[in-house]
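This briefing concerns aromatic pairing, the nonpolar core and backbone geometry. Please consult the sequence and the structure shown below.

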Amino acid sequence: MTQRIFDPHVHFFAYAQGDYHWLKRDSAPFWPRKRCIRQDFDISDLTLSPDFILAGVTHIEAGFDNLHPERELHWLQSTGFDGSAVAFAQIDLPPQQFIHALSTLQHPLLRGIRDI
């Protein structure tokens, strides 16, 4: 019997297209195996045992472009991704700037924001 699963927290990367300053060799955090994720990842890289069926995922932003976070949403869509996404938005902006930031994130994949 197969079981449907939903992964609520995955990070896809377009390493060559995004900023990902935190993934650079000389930037914090200095994790010993950070080099292992310094590459592209998308939904085709998710693999499951035959006992499971992937019902869906939520992509959580990981620094693709914090100055223009809408770029990550457009990139995701260009890969054929049709799940849900959480994008970056700086939550401590003055109210009018925050409203503007949210307006730039209007996208069919968007389900939430985070500021890390």
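Eight aromatic pairs are counted, where rings of Phe, Tyr and Trp (its six-membered ring) pair if their centres lie within 6.5 Å, with planes under 30 degrees apart counting as stacked, over 60 as edge-to-face and the rest as tilted. The model is predicted, so local features need pLDDT of at least 70 and side-chain atom pairs count only at pLDDT 80 or more, whereas totals for chains, interfaces and linings use all residues. Residues are numbered from 1 along each chain as its sequence is written, and side-chain values use heavy atoms, with hydrogens and water left out.

**Aromatic pairs**

- Phe-12 and Phe-81 form an edge-to-face pair, at 5.6 Å centre to centre and 70° between the planes.
- This pair links distant parts of the chain, 69 residues apart: Phe-12 is in the loop between S1 and S2, and Phe-81 is in the loop between H1 and S3. Helices (H or I, at least four residues) and strands (E, at least two) are DSSP runs, numbered from the N terminus.
- Phe-12 is buried at a relative accessible area of 3%, and Phe-81 is buried at 4%; buried means under 20% relative accessible area, exposed over 50% and partly exposed in between (1.4 Å probe, protein chains only).
- Tyr-20 and Phe-64 also form an edge-to-face pair, with 5.9 Å centre to centre and 90° between the planes.
- The pair joins Tyr-20, in the loop between S1 and S2, to Phe-64, in the loop between S2 and H1, 44 residues apart.
- Phe-64 is buried, with a relative accessible area of 1%.
- A cluster linked by ring pairs includes Tyr-20 and Phe-64, together with Phe-13, Tyr-15, Trp-22, Trp-31, Phe-41 and Trp-75.

**Nonpolar core**

- In the largest nonpolar core, which has 21 residues, Phe-12, Tyr-20 and Leu-76 touch the most other members. Such a core is a set of buried Ala, Val, Leu, Ile, Met, Phe, Trp, Tyr and Cys residues joined through side-chain atoms within 4.5 Å.
- Helix H1 (70-78) and strand S3 (84-88) each supply at least two residues of this core, and the largest share, three residues, comes from H1.
- Leu-76 touches Phe-12, His-59, Phe-81, Ala-85 and Leu-109, not counting residues up to four places away in sequence; contact means heavy atoms within 4.5 Å.

**Backbone geometry**

- Most residues other than glycine have a negative phi, and most peptide bonds are trans.
- Tyr-20 has a positive phi of about 45° although it is not a glycine, and Tyr-20 counts as buried at 0% relative accessibility.
- The peptide bond from Ala-28 to Pro-29 is cis, with omega near 0°; Pro-29 is found in the loop between strand S1 (3-10) and strand S2 (52-60).
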